[in-house]
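Dear colleague,

Please find below the structure that I am passing on to you, followed by a summary of what was found in it.

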Amino acid sequence: MAIQPIDLQALFSQLHQVGKTQAMAREGQQIQENLQAQQSQRRLEENIQAVNEAQNMGDEAEKIKDENRGRNSMAGQGGPGKEEEDQEEERALHVDVIRDPALGRNLDISG
């Protein structure tokens, strides 16, 4: 199938539009690549700043627990009167609360 001269006239008149379309397609690809690069960079920065859970607590956590246990046992050796003082402090902290039996059972719908 041969190209007729009238077809060439139509093609040449639209040649600048074809060039613009191809240029826009190239720019679109570049923009898409830039966006993906920015997103990956943002995710990388978020991962760097995020607090990660420790994978292997191992012996370190046990050592800390043992040290705390040792300190508590040493603090408890204050003497025979220390236990009585602790019990008195606990009693002082527990305050008797008077409760109304109808509290929370009645609804006021008057306004």
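Helices (H or I, at least four residues) and strands (E, at least two) are DSSP runs, numbered from the N terminus. On that basis the protein has four helices and zero strands, and its pattern along the sequence reads α-α-α-α.

This is a predicted model, in which local features need pLDDT of at least 70 and side-chain atom pairs count only at pLDDT 80 or more, while totals for chains, interfaces and linings use all residues. Residues are numbered from 1 along each chain as its sequence is written, and side-chain values use heavy atoms, with hydrogens and water left out.

Confidence is given as pLDDT, the predictor's confidence in each residue, from 0 to 100. The protein averages 76, and 67% of the residues score at least 70. Helix H2 has the highest confidence, at a mean of 91, and helix H3 (residues 58-75) the lowest, at 56. Where pLDDT is low, the predicted coordinates should not be read in detail.

The accessible surface (Shrake-Rupley method, 1.4 Å probe; for residues, only the protein chains shown count as cover) comes to about 11500 Å², of which 51% belongs to carbon and sulfur atoms. Of the 111 residues, 0% count as buried, a term for under 20% relative accessible area, with exposed meaning over 50% and partly exposed in between.

Val 18, in helix H2, is partly exposed, at 43%.

Yours sincerely

Definitions and conventions: Buried means under 20% relative accessible area, exposed over 50%, partly exposed in between (1.4 Å probe, protein chains only).
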